[in-house]
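Have a go at each task before you read its solution.

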Amino acid sequence: MRHDHVLTAKQFSRADIEAVLDRAADFDRPTGDTRHTDSLLGLLFFEPSTRTKMSFEAAIKRLGGDVLDMGSVDSSSVTKGESLADTVRVIEGYADALVLRHPQQGAAKMASEFVDVPVINAGDGAGHHPTQTLLDLYSIRENAGLDDLTIGIMGDLKYGRTVHSLAQALTNFDATQHFVSPESLALPPEVRYDLDEAGAAVEEHTELAGVLPELDVLYVTRIQRERFPDENEYRAVASAYGIDRSMLEDAKDDLSVMHPLPRVDEIDPAIDDTDHATYFDQAHNGVPVRMALLDSLL
Amino acid sequence: MRHDHVLTAKQFSRADIEAVLDRAADFDRPTGDTRHTDSLLGLLFFEPSTRTKMSFEAAIKRLGGDVLDMGSVDSSSVTKGESLADTVRVIEGYADALVLRHPQQGAAKMASEFVDVPVINAGDGAGHHPTQTLLDLYSIRENAGLDDLTIGIMGDLKYGRTVHSLAQALTNFDATQHFVSPESLALPPEVRYDLDEAGAAVEEHTELAGVLPELDVLYVTRIQRERFPDENEYRAVASAYGIDRSMLEDAKDDLSVMHPLPRVDEIDPAIDDTDHATYFDQAHNGVPVRMALLDSLL
Amino acid sequence: MRHDHVLTAKQFSRADIEAVLDRAADFDRPTGDTRHTDSLLGLLFFEPSTRTKMSFEAAIKRLGGDVLDMGSVDSSSVTKGESLADTVRVIEGYADALVLRHPQQGAAKMASEFVDVPVINAGDGAGHHPTQTLLDLYSIRENAGLDDLTIGIMGDLKYGRTVHSLAQALTNFDATQHFVSPESLALPPEVRYDLDEAGAAVEEHTELAGVLPELDVLYVTRIQRERFPDENEYRAVASAYGIDRSMLEDAKDDLSVMHPLPRVDEIDPAIDDTDHATYFDQAHNGVPVRMALLDSLL
């Protein structure tokens with residue numbers, strides 16, 4: 001993938017994914033000695049981020065390189081009315097690759113058309129978030145394996161770019177995907193269409209209870225308050241699509257509970273101390289996976 | 001102290017303090033060659049800071065390491081409702097130690113209970129600020145010595161975490177402490193109780209003039225405007241507990257004037273050019289002292 | 001220039017300029033091996049900046065050093081009422097040189113009087129921006145040569161510090177300068193006076209068309225909306241002092257169009273794909289030029 005752009009999870013073949021995950025496993029031990037001491041990674045975050053930004057920064061620094069951080073939009077020339085196309089054309093002269101988070105869907109793809117250095121999409125509105133998908137796949141492979149997998153994906157399936165990218169990527173493997181959400185937040189038709197076209201084994205549910213006992217992995221996502229005009233309606237939905245410790249009595253002993261974080265109320269903190277909880281490890285996997293990706297691009 | 005948390009100045013023994021100050025003296029010359037090239041220091045500042053944050057950053061970089069800066073709260077996942085416990089559990093996977101400033105008293109201690117990497121308290125509301133104390137002690141030792149010391153501590157003694165930590169730490173040494181403040185900003189009873197329990201020689205005053213001639217060190221702190229409902233009352237108090245050049249005629253020739261900075265009006269800039277002014281050196285000592293502390297933790 | 005302050009373009013002799021530009025040409029290839037691995041550059045940006053800040057950061061990192069970034073004013077002690085003189089005296093203890101952008105004219109000069117490390121002016125209100133001038137000169141030398149040069153400078157000539165510094169610096173070379181602006185935004189009398197004193201060949205115009213065919217370089221600047229009380233008046237002026245592709249039919253084939261960026265509407269994006277467009281290269285030249293400057297100061 002040297003010098004490629006990374007725009008969507010759709011662009012990854014099974015071989016691409018496995019190569020990155022294998023390399024990440026090397027970097028997951030502190031013995032990885034590949035050095036990119038001359039590399040500067042441009043960070044362009046037009047929206048708040050903690051874990052994506054900090055794990056990219058940790059990844060390039062652990063590879064011996066460094067970052068150039070545009071900083072918050074308020075402290076940049078964007079406040080003077082500069083276009084995204086101009087901003088990325090300037091910064092490509094300073095950095096060896098660009099990591100872009102932007103509220104507008106398609107922003108990373110547009111940016112990639114204006115520059116020669118690799119652009120890595122770190123989230124474009126309701127669009128894509130392919131590096132999150134890579135670390136999700138890495139975590140699934142560590143805990144349950146990617147083949148012969150039964151996974152439940154629960155919460156906001158309509159707007160969640162994380163979910164769309166993960167579901168798409170899992171079609172490269174022998175996985176059965178159960179989607180659990182209120183009807184108002186079900187998978188968009190175009191995503192469902194893509195999954196069907198890829199021949200994926202997919203079922204949709206409005207309740208978790210019936211399918212929970214079969215699952216190897218339960219991937220929970222946050223339901224955003226701002227999707228609901230009414231606070232009471234939000235509370236009802238949020239509590240119906242959260243999990244607590246007692247519900248896990250019906251699950252397999254080795255069920256992995258995942259979450260892209262940040263969580264609000266979807267996962268009871270009492271689950272944190274159980275072997276089911278893999279969401280913090282999942283977040284930590286962002287570093288070796290992004291090291292592997294950067295190592296393949298730079 | 002390897003792999004310890006640093007939460008309050010109370011945790012330091014005299015031996016701990018002297019070990020760090022001796023090591024800091026090594027780092028105060030540009031010959032310190034201890035290298036932590038693989039270390040990443042996580043910076044989590046939930047409140048504004050210039051000197052604490054920048055001197056931690058300078059310290060780890062001069063040791064050969066680097067930082068991972070969470071950035072301002074506005075640009076992080078905290079805006080999405082993430083708890084502090086979750087934030088630190090995520091970032092401990094990226095960094096080798098965490099430096100935390102937080103408006104809430106007890107925040108660092110709470111954080112330390114959730115993570116395995118060292119947590120360094122860089123100020124928790126009206127609570128503690130132990131690394132400020134170490135650099136204050138280093139500066140006192142350089143200028144007046146820590147034994148047979150007569151120190152005046154003036155200003156906001158009620159809310160000033162810097163003052164509480166320093167007073168506590170000085171009980172490890174043979175120091176006489178004179179506290180000078182308006183009655184409304186006097187030492188809190190629990191701090192006074194701790195000092196008495198430790199057998200410290202302590203006197204409280206409402207005016208500086210009577211005690212000034214005896215002092216080896218005068219430690220001035222900022223009185224915050226927001227403590228006073230009335231602007232006129234604030235002005236009266238602020239000017240009564242500031243110093244100017246003429247007042248220093250009654251002081252010892254080698255009196256050191258210290259201040260944790262930033263200052264507003266408490267110290268007349270005309271004092272900056274005298275030998276009494278040690279507050280800028282004091283701020284600069286933050287780098288070697290924090291180098292020594294990090295070197296002992298990492 | 002070792003250990004000098006860099007405050008205005010006026011301080012550069014022709015020999016100074018040529019020495020920096022020659023060194024920059026060395027750094028413009030990835031072979032520059034001068035290393036400043038122990039250098040920390042303090043970044044104090046009291047106003048938004050993308051390209052100046054990021055290219056200074058890229059420059060010191062490509063030299064093997066690192067930065068200490070004060071961050072935005074909101075997250076620093078400035079919010080507690082600290083004076084600029086105090087802030088720079090503290091930070092000089094952490095860093096080996098300071099880069100300062102400040103809204104107040106004269107801020108860098110004032111700061112330089114309080115510290116011993118070099119202060120580099122990265123823009124002081126309507127005052128100076130000498131490192132922008134160095135990269136402008138580098139770009140002009142690359143594209144048209146600095147001697148026997150005919151240059152047009154268009155847009156906001158009254159408030160533009162970039163223009164004032166460049167015009168001044170060009171008096172060191174055999175250049176004819178044509179200034180094009182509405183009367184309300186013409187060169188200030190004191191700048192015009194300085195140019196005349198230096199014996200510069202200067203002409204002022206209110207329209208571009210008459211002089212365009214003679215130009216080797218056309219340097220366009222942004223007209224700021226906030227200079228005009230009336231939106232319609234702004235639009236009229238902005239469109240009269242912008243350029244589009246058709247206008248360039250009257251220009252020399254090898255005319256270089258320059259702009260300090262960010263642009264808003266002054267240069268039609270259709271020009272980006274022509275050989276006239278040198279503004280992105282110009283921005284990129286900020287890295288080798290600032291590497292050369294830092295290498296000469298540190």
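**Exercise 1.** Into which domains is chain A divided?

*Solution.* Keep in mind that you are looking at a predicted model. Domain 1 of chain A takes in 9-127 + 286-297. Domain 2 of chain A covers 131-283. The C-alpha centres of these two domains lie 26 Å apart.

**Exercise 2.** Describe how domain 1 of chain A meets domain 2 of chain A.

*Solution.* Start with the contacts: 27 residues of domain 1 of chain A touch 25 residues of domain 2 of chain A. Next comes the area, with about 2,200 Å² buried between the two domains of chain A, 57% of it on carbon and sulfur atoms. On the domain 1 side, R14(A), L21(A) and R51(A) supply 27% of the buried area, more than any other three residues.

Finally, find the elements involved. α1 (14-27), α2, β4 (119-124) and α10 (286-297) of chain A each give at least two residues to the domain 1 side. The largest share, eight residues, comes from α1(A). Sorted by class, this side has twelve nonpolar, five polar and ten charged residues.

**Exercise 3.** How many residues of chain A are in contact with chain B, and which helix of chain A gives the most to that side?

*Solution.* First, the count: 23 residues of chain A contact 24 residues of chain B. Together the two chains bury about 2,100 Å², and carbon and sulfur atoms give 53% of that. In chain A, M54(A), R62(A) and H284(A) lose the most area to chain B, together 28% of what that side buries.

Second, the links across the interface. The rule finds five salt bridges between chain A and chain B. K61(A) forms a salt bridge with D66(B), with 3.1 Å between the closest N and O atoms.

Third, the helices. Both α2 (51-62) and α9 (279-284) of chain A supply at least two residues to the side that touches chain B. α2(A) gives the most, with seven residues. That side of chain A divides into nine nonpolar, four polar and ten charged residues.

**Exercise 4.** How many residues of helix α6 of chain C are buried?

*Solution.* Helix α6 of chain C spans residues 161-170, and ten of its ten residues are buried. Among them are R161(C), H164(C) and L170(C).

Notes: Residues numbered from 1 in each chain as written. Chains lettered and ligands numbered in written order. Predicted model: local features only at pLDDT ≥ 70, side-chain atom pairs only at ≥ 80, totals over all residues. Heavy atoms only, no water. Buried < 20%, exposed > 50% of the residue type's maximum accessible area, 1.4 Å probe, protein only. Helix = DSSP H or I, 4+ residues; strand = E, 2+ residues; numbered from the N terminus. Contact = heavy atoms within 4.5 Å. Buried area = accessible area lost by both parts, 1.4 Å probe. Salt bridge = Lys/Arg side-chain N within 4 Å of Asp/Glu carboxyl O. Nonpolar A, V, L, I, M, F, W, Y, C, P; charged D, E, K, R; others polar. Domains from an automatic or database assignment.
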